[in-house]
Amino acid sequence: MAPRSTAQKRLLKEYQQLARDPPPGIVAGPLSEDDLFNWECLLEGPTETPYENGVFPASLKFPKDYPLSPPSLKFDPPLLHPNIYADGTVCISILHPPGEDPNQYERPEERWSPVQSIEKILLSVMSMLAEPNPESGANIDACKLWRDNRAEYDKQIRKHVRESLGL
Amino acid sequence: MSTNPFNRILSDVTDPTDWKDTKVPDLAVLDSLERCYICKEFFRAPVLTSCNHTFCSQCIREYLISNNLCPLCKTELFESSLKRDILLEEIVACYSSIRPRLLELLKTEKNSNNDNNEKKEESGSVEKANISEQSTSNTEVCYSPQQNLINDSHKRSSHRDNEEVIEVLSDDERERVSTSSSSPELLGEPAMKKVKIESSHNETLDAIPGREDLVTCPICSTSMSAEELQTRHIDDCLNGRITSRSKPQQLQKKRPSPRAGIASFFKKKDTSPLGTSSISSVSRGAQPLGHSDFYFKEVEKHVTETKKLSKLDFASLTTPRLKEKLAAFKLPIQGTRNQLELRYNQYYVLYNSNLDSNHPVSDKILKHKLNQWEKSHSAFNSESANLFSSRGTISNRSITAKNFSVKEWLDVYQDEFRELIRTARASVAKERKERKKEQAPREEVVETEPTVFKPDAVSPASTPQEIGSTKSVDGGTSSDLTFELDMGSSMLFDSNDTT
């Protein structure tokens, strides 16, 4: 085995830390020890939101130059949420590299930087689930539903949660 | 814990949570403060930014190649303003060298029948117990010391899996006991003698396990004895002959050194008041200086000589000139233009950060590190090094990136775009034929109707309508897929205009 790259070493450390001291509602780890760049995680739906009681699987993909570049996070199966694309990819400022922002609504301090961590990403995603940001919507239908018909939005999500739990 | 399938590869990973289950869990704070925010390792050649934040020289320099903000506070940052932090580097080196011993000592024992703990906390009662225990067998000590020692050392080392510790202990004891048995006046109180041995023995236990004299290979970061590193490992590692880092190998590597460990222990006690000096004299070999010695005495080495490499302005540099530059540093000159640039930048980072280190490594090692970096970097992967190199790099770049080249993207995906156009045209032709059959007189309308480019053969997402809607929502990160379709269809329409 070749000596580990900076990215691999850092991923291992983050994994060790997450395994020993897991934040509530979050489980994450590499799929296999041969490939530390693909992770799977399970996120618990935040309480007092329609996502409550749900457990949502997502995949994290890391670039080879991690932590200089951010990973990408994709819910699989996709989740209905204003900030999640229809294919499940999460659109959240912490996952966006710094640099110019075409829409100018994300401050640089909210963006990815190597001092961020997997734990911080997942915690941000949890709070994103609780509080969608309709200003930078990724799923226009979910945005509309969330804004105009909250009852239906909540209903659809609860249905998804029940189905995902096999109820 | 034992169920964790990653235990094997996590075994040599250290992080602040190691302190969680010790007697002083707050050491986790100290541990995390001595780590770089970027790589999460202990600081290597730490540097201070103009905004007073500390990073490994290499980490922050790599980051600053493509950014100009502090990763922590986002204030503007220039590479030239980085200052090396000599004291911190020595503090971290000192801490990380005593860390394994500290961990061992402060571990909260789950099975507390361990000598180590009892001795520390209630040494009085244990000593008494030992005296009574030993006095019953004191004749044995005198007449067959060897036999007794073997039992004893087995007992003592039952909680250690390190065989050489046993050997060393029995050597050590044999010596002491043989002196005691050879001096007749001591025969009257062998039990007391035994206790003395035990207490010294206890200290020895803490010092021996060959841990504190382990050093880290600058190339592969494997821990081993300094002797092993210097005599064999470093050459093997430079030549890439070390392939596996399995546990048994590491154990074997420890084997030649227990005596050195003992020697350093006694030397330290006798000669040096500085706790770490003998450690580093063993580990650094060529540099027999403690961390404090380096900081207080080697002051002339602290002045940074400004012979750092300069950043190249690639835009105004032709490829042959760039190759000349690389050749001047005896770096490889093969590869694509992109690879040459990446190679120079990485060497530049490695070289300059090495100058920030209190203990710089040789150029040979830097080049080896460069080589390993290339191996792990996606732009140098074998599949991207061949025909598809441009494709490999462009698909890794974000389409929102500053250096994203639309033309390059078009070149790379030209064939796929053509194929899309071809299928679109085919289905248009087909549709046209069908319509002709149905309503022959309305031929022209079909030709001008834009909806004819909504055929099923093309991916349904590429209809003009949907492209519009995805564009409007995709904010900072439109997915590659969206973009590809976008490009594809715009090209489709363009080529339609020209035909």
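This is a predicted model: local features need pLDDT of at least 70, side-chain atom pairs count only at pLDDT 80 or more; totals for chains, interfaces and linings use all residues.
1. **Make-up of chain A.** Chain A contains 4 helices and 4 strands. Read from the N terminus, its elements follow the order α-β-β-β-β-α-α-α. Of its 167 residues, 44% are buried. Among the contacts in chain A with a separation of 6 or more, 48% are between residues 24 or more positions apart.

2. **The sheet of chain A.** The 4 strands form an open sheet in the order 1-2-3-4, and the pairing is antiparallel. Its edges are strand 1 (26-32) and strand 4 (72-75) of chain A, each of which pairs on one side only. On average, neighbouring strands of this sheet are turned by 25 degrees against each other, direction ignored.

3. **How the strands are joined.** A hairpin of 2 residues leads from strand 1 of chain A to strand 2 of chain A. Two of the pairings can be located in the model: Ser32(A) stands opposite Asp35(A), and Val27(A) has Leu42(A) as its bridge partner.

4. Which strands does helix 1 (residues 6-20) of chain A lie across? Helix 1 of chain A lies across strand 1 and strand 2 of chain A, and runs at about 140 degrees to strand 1 of chain A. Helix 2 of chain A lies across strand 1, strand 2, strand 3 (55-61) and strand 4 of chain A. The angle between helix 2 of chain A and strand 2 of chain A is about 35 degrees.

5. In soluble globular proteins, nonpolar side chains tend to be buried together. The largest nonpolar core in this model has 61 residues, and the residues with the most contacts inside it are Val125(A), Ile38(B), Cys56(B) and Ile60(B). Helix 2 (residues 118-130) of chain A gives the most to this core, namely 7 residues. A second, separate core has 8 residues, including Tyr344(B) and Val349(B).

6. **The surroundings of Ile38(B).** Leaving aside residues up to four places away in sequence, Ile38(B) touches residues of both chains. In chain A these are Pro67(A), Pro114(A) and Val115(A). In chain B they are Phe55(B), Cys56(B), Cys59(B), Ile60(B), Tyr63(B) and Pro71(B).

7. **Make-up of chain B.** Chain B has 24 helices and 5 strands. Of its 499 residues, 27% count as buried. Where residues in contact in chain B are at least 6 apart in sequence, 57% of these contacts join residues at least 24 apart.

8. **Helix 3 and helix 17 of chain B.** Two packed helices are described by the angle between their axes and the distance between the axes. Helix 3 (residues 57-66) of chain B and helix 17 (residues 337-355) of chain B pack at about 145 degrees, with their axes 9 Å apart. The crossing is right-handed. Helix 3 of chain B contributes Ser57(B), Gln58(B), Arg61(B), Glu62(B) and Ile65(B) to the contact. Helix 17 of chain B contributes Asn345(B), Val349(B), Leu350(B), Asn352(B) and Ser353(B). By class, this contact has 3 nonpolar, 5 polar and 2 charged residues.

9. **Helix 16 of chain B.** Why does helix 16 (residues 319-328) of chain B lie largely in the open? Of its 10 residues, the number buried is 1, so helix 16 of chain B lies largely in the open. Just after this helix, Lys330(B) takes a positive phi of about 60 degrees.

10. **Helix 16 and helix 17 of chain B.** The axes of helix 16 of chain B and helix 17 of chain B cross at roughly 35 degrees and come within 11 Å. This crossing is left-handed. From helix 16 of chain B, Thr319(B), Leu322(B), Lys323(B), Lys325(B) and Leu326(B) meet Arg337(B), Leu340(B), Arg343(B) and Tyr344(B) of helix 17 of chain B. The residues of this contact divide into 4 nonpolar, 1 polar and 4 charged.

How values were computed: Residues are numbered from 1 along each chain as its sequence is written. Chains are lettered from A and ligands numbered from 1 in the order in which they are written. A residue is buried if 20 or more other C-beta atoms lie within 10 Å of its own, exposed if 12 or fewer, and partly exposed in between; C-beta atoms are placed from the backbone. Two residues are in contact if their C-beta atoms, placed from the backbone, lie within 7 Å. A nonpolar core is a set of buried Ala, Val, Leu, Ile, Met, Phe, Trp, Tyr and Cys residues joined through C-beta atoms within 7 Å. Two strands pair if DSSP finds at least two bridges between them. Axes are lines fitted to C-alpha atoms, for helices over the stretch in contact, and angles run from 0 to 180 degrees between N-to-C directions. A crossing is left-handed if the near helix is turned anticlockwise from the far one by less than a right angle, and right-handed if clockwise. Ala, Val, Leu, Ile, Met, Phe, Trp, Tyr, Cys and Pro count as nonpolar, Asp, Glu, Lys and Arg as charged, and the others, Gly among them, as polar.
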